[in-house]
Amino acid sequence: MNISRMPALFIGHGSPMNVLGENRYTNVWRELGERLPVPRAILAISAHWYTNGTAVTAMSQPRTIHDFRGFPQELYEIQYPAKGSPELAALVQEMLEPVEVYADHHQWGLDHGTWGILVKMYPQANIPVIQLSIDDTKPATYHYELGKKLAALRDEGVLILGSGNVVHNLRTMKRQEPNADPYPWAESFNHYVRDNLTSYEQPYPLIHALDREDGLLSNPSPEHFLPLLYIMGTWDRKETVSIPVDGIESGSLSMLSVQVG
């Protein structure tokens with residue numbers, strides 16, 4: 001069977017309410033699902049599974065996790081019944097050696113950083129999905145290097161999906177003003193990330209992006225930015241890198257999405 005090399009995606013997932021609505025971001029997610037080669041499986045790295053150590057979901061039927069509060073009941077009733085893939089989980093463990101990756105058979109599942117996107121991209125939930133957690137004890141370089149190790153999965157028909165937000169400062173968000181002008185620091189950091197996605201500098205500039213003043217303001221904690229480093233770690237420095245959609249909501253929530261390949 002001829003398997004197409006899959007792209008890798010970073011999606012700015014934004015509010016869980018995107019699941020219930022249709023907008024220019026969700027329209028792009030849907031178009032990506034229709035346009036890209038159909039993946040054999042999906043490996044998701046979501047900002048919402050931020051752990052001490054690295055883990056991978058290894059259950060055959062991951063549960064749908066509604067990891068948010070204060071939203072309409074309709075949102076909590078949504079299920080995303082994609083199968084898991086214990087076989088892919090075991091392969092990820094092998095590929096990331098000597099990093100010890102814990103096989104999670106019960107605790108986690110698919111959080112809204114994952115299913116909130118996939119319910120738009122692949123609404124039939126007919127593609128196996130596993131999640132890899134983000135180790136909160138490790139520096140940015142570690143996450144970028146794990147992305148490099150995982151890149152070979154793309155040649156096996158696996159879509160690697162990072163989910164987070166390049167700018168994610170909920171404390172400064174103007175929640176009642178989705179069209180509010182971006183804060184200057186949010187706009188400058190979003191532009192910096194865009195301008196450096198395909199940098200050939202060593203070390204890769206985005207590894208140290210959160211050391212910048214606008215990076216710290218844009219990310220009071222790093223977990224929504226780190227999934228991008230996994231995705232850029234899969235870049236072979238030859239492939240096209242494109243921006244399917246961009247925008248800053250409510251002043252300080254970037255919806256920038258990145259496609260490698």
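**Aromatic pairs and their surroundings**

Analyst: This is a predicted model. We can start with one tryptophan: Trp-115 has a relative accessible area of 0%, so it is buried.

User: How many aromatic pairs does the structure hold?

Analyst: Rings pair if their centres lie within 6.5 Å. By that cut-off, the structure's count of aromatic pairs is nine.

User: Are the rings of Phe-68 and Trp-115 stacked, edge-to-face or tilted?

Analyst: Their centres are 6.4 Å apart. Stacked needs planes under 30 degrees apart, and edge-to-face needs over 60. The planes here stand at 55 degrees, so the pair is tilted.

User: How many residues apart in sequence are the parts that this pair ties together?

Analyst: Phe-68 lies in the loop between β5 (63–64) and α2 (73–76). Trp-115 belongs to helix α4 (residues 112–121). The pair therefore ties together parts whose separation in sequence is 47 residues.

User: Is Phe-68 buried or exposed?

Analyst: Buried means under 20% relative accessible area. Phe-68 has 11%, so it counts as buried.

User: What is the arrangement of the rings of Tyr-183 and Trp-185?

Analyst: The ring centres lie 5.0 Å apart. Planes under 30 degrees apart count as stacked. These planes are at 10 degrees, so the pair is stacked.

User: Which residue lies over the face of Tyr-183?

Analyst: Tyr-183 is partly exposed, with a relative accessible area of 21%. At 5.0 Å from its ring centre, over the face, lies Lys-174.

How values were computed
Residues are numbered from 1 along each chain as its sequence is written. This is a predicted model: local features need pLDDT of at least 70, side-chain atom pairs count only at pLDDT 80 or more; totals for chains, interfaces and linings use all residues. Side-chain values use heavy atoms; hydrogens and water are left out. Rings of Phe, Tyr and Trp (its six-membered ring) pair if their centres lie within 6.5 Å; planes under 30 degrees apart count as stacked, over 60 as edge-to-face and the rest as tilted. Helices (H or I, at least four residues) and strands (E, at least two) are DSSP runs, numbered from the N terminus. Buried means under 20% relative accessible area, exposed over 50%, partly exposed in between (1.4 Å probe, protein chains only). A charge sits over a ring if NZ of Lys or CZ of Arg is within 6 Å of the ring centre and within 35 degrees of the ring normal.
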